[in-house]
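Subject: Structure handover

Hello,

Here is the structure you asked about. Please open it alongside this note.

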Amino acid sequence: MEGWLKNVEKTTEEANNFTQSFVQTTAVVATEAIQTRDLPDKRMWKGKDVGHLYPLLEVMSRNGIDFTVTSGYRPGSKTASNKRSWHSLGMAVDIKPAGTETWESLKRKIVSTPEVLNYFKENKLGIYDETTREVLAKTGGSGLHFHIGPDNVAILGLQEIEREYRNDILKKESSDEYPDWFGGVSFATFDTYREIGTGNQQIPFK
Ligand SMILES: [Zn+2]
């Protein structure tokens, strides 16, 4: 082989190696930055490390929603499909009803309490209902729970809950906030759709 051609190949290989290691390094640095930079000081909820979601739980509790956290920050955790779980970044919690609360009352209260629902939406969080055998079989969850996190499936889940309880909400809210000239579809729902349309799993708490 011509000397110059060998050099070109060598240079190309070096460039490829450099690019690959750069991409890997960047991914590692970004991951570590998220994992170490963002976790707030106050994150222990009744003995469980709930990472970034402490303020959400505080808002829910202050609004009379009674729940138990079954899982919070789990460093290194993966999903059933072997992707990095939001739990590993302190961005997800699992809850179940406490006291006189039921799965139904939890859902109804969350979507009919404006401060709570707004917090979910502003921080791009949703709820994945993992209380059926079918869903648990898919996710590999060990017990019934609501998964709260920025997962697309959770964002869709919250919309589903909003639809389910819309009639309850319509009775409570003024007709100004839920105009019926869109066939009863609220602005909030349009906003959420727009977020999903971007396809991004945005990370809140900058
Ligand atoms: Zn979870």
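Below is what was found, from the whole chain down to one residue.

This is a predicted model: local features need pLDDT of at least 70, side-chain atom pairs count only at pLDDT 80 or more, and totals for chains, interfaces and linings use all residues. Residues are numbered from 1 along each chain as its sequence is written.

Overall layout

The chain has eight helices and six strands. Helices (H or I, at least four residues) and strands (E, at least two) are DSSP runs, numbered from the N terminus. Their order from the N terminus is α-β-β-α-β-β-α-α-β-α-β-α-α-α. Of the 206 residues, 25% count as buried. Buried means 20 or more other C-beta atoms within 10 Å of the residue's own, with C-beta atoms placed from the backbone. Two residues are in contact if their C-beta atoms, placed from the backbone, lie within 7 Å. Among contacts between residues at least 6 apart in sequence, 64% join residues at least 24 apart.

The core

The largest nonpolar core has 30 residues. Such a core is a set of buried Ala, Val, Leu, Ile, Met, Phe, Trp, Tyr and Cys residues joined through C-beta atoms within 7 Å. V50, L57, V93, I127 and I148 have the most contacts inside it. Elements giving two or more residues are α2, β3 (67-71), β4 (93-97), α3 (103-112), α4, β5 (126-130), β6 (145-149) and α6. Helix α6 gives the most, with four residues. Leaving out residues up to four places away in sequence, V50 touches R43, W45, L57, V69, G72, Y73 and V93.

Helices α2 and α4

Helix α2 (residues 54-62) packs on helix α4 (residues 114-122) at about 165 degrees, with the axes 9 Å apart. Helix α2 is therefore roughly antiparallel to α4 (angles over 145 degrees count as such). Axes are lines fitted to C-alpha atoms over the stretch in contact, and angles run from 0 to 180 degrees between N-to-C directions. On the α2 side, L56, V59 and M60 meet E115, V116 and Y119 of α4.

Residue A154

A154 sits in helix α6 (residues 152-164). Is A154 buried or exposed? A154 counts as buried because it has 22 C-beta neighbours inside 10 Å. Beyond its neighbours within four places in sequence, A154 contacts G126, I127, Y128, H147, I148 and G149. D129 is 25 residues away from A154 along the chain, yet their C-alpha atoms are separated by 7.9 Å.

Best wishes

Terms used: Buried ≥ 20, exposed ≤ 12 C-beta atoms within 10 Å, placed from the backbone. Parallel < 35°, antiparallel > 145°, perpendicular 65-115°, else oblique.
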